[in-house]
Amino acid sequence: MLLVLSKVNERLAHRQFLVTFLDNDNKLSQFQSGNRKYHSTEMVLLSVTDDLFKAMDEKKFSILVLMDMLKGLG
């Protein structure tokens, strides 16, 4: 049920041009990838991987925290 509501909400946001409005006015972070044109899961994975490799090259310490917000809600 929650997934269905999430998809309906996502479609409404696109239909009402909310994402376009926020994107055009530079209100979204450059790292926001959900619901944006030309920002795919693959792009996010490449970006995160690149950041981790850069940190390794610079001998920096990195922590990556991944959270699945839908787990436990159903």
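Trainee: Is aspartate 50 buried, partly exposed or exposed?

Mentor: Please keep in mind that this is a predicted model. Aspartate 50 is partly exposed, and its relative accessible area is 37%.

Trainee: Which residue forms a salt bridge with aspartate 50?

Mentor: The partner is lysine 54, and the closest N and O atoms of the pair are 3.3 Å apart. Lysine 54 is also partly exposed, at 45% relative accessibility. In general, side chains of opposite charge can pair when their charged atoms come close.

Trainee: Where do aspartate 50 and lysine 54 sit relative to one another in helix α3?

Mentor: They are 4 residues apart in helix α3, so about one helical turn separates them.

Trainee: How many salt bridges does the structure hold?

Mentor: The structure holds 2.

Trainee: What span should α3 have, and how far apart are its end C-alpha atoms?

Mentor: Helix α3 has 17 residues, and at 1.5 Å a residue it should span 24 Å. Its end C-alpha atoms are 24 Å apart, so the two values agree.

Trainee: Which residue takes a positive phi just after α3?

Mentor: That is lysine 59, with a phi of about 60°.

Trainee: Changing topic, where does leucine 64 lie?

Mentor: Leucine 64 lies in the segment after α3, the helix that covers 41–57.

Trainee: Leaving aside neighbours within four places in sequence, which residues are in contact with leucine 64?

Mentor: With those neighbours set aside, leucine 64 is in contact with Val48 and Leu52. Leucine 52 is 12 residues from leucine 64 in sequence, and their C-alpha atoms are 8.9 Å apart in space.

Trainee: Which residues make the nonpolar surface patch?

Mentor: Val44, Val48, Leu64 and Leu66 make this patch, which has an area of about 350 Å².

Trainee: What percentage of the residues is buried?

Mentor: Buried residues make up 5% of the 74 residues. The accessible surface of the protein comes to about 7200 Å², and carbon and sulfur atoms account for 61% of that surface.

Terms used:
Residues numbered from 1 in each chain as written. Predicted model: local features only at pLDDT ≥ 70, side-chain atom pairs only at ≥ 80, totals over all residues. Heavy atoms only, no water. Patch = residues over 30% accessible without salt bridge, like charges linked within 9 Å, V, L, I, M, F, W, Y side chains within 5 Å. Areas by Shrake-Rupley, 256 points an atom, 1.4 Å probe, with all protein chains shown as cover. Salt bridge = Lys/Arg side-chain N within 4 Å of Asp/Glu carboxyl O. Helix = DSSP H or I, 4+ residues; strand = E, 2+ residues; numbered from the N terminus. Buried < 20%, exposed > 50% of the residue type's maximum accessible area, 1.4 Å probe, protein only. Expected span 1.5 Å × (residues − 1). Contact = heavy atoms within 4.5 Å.
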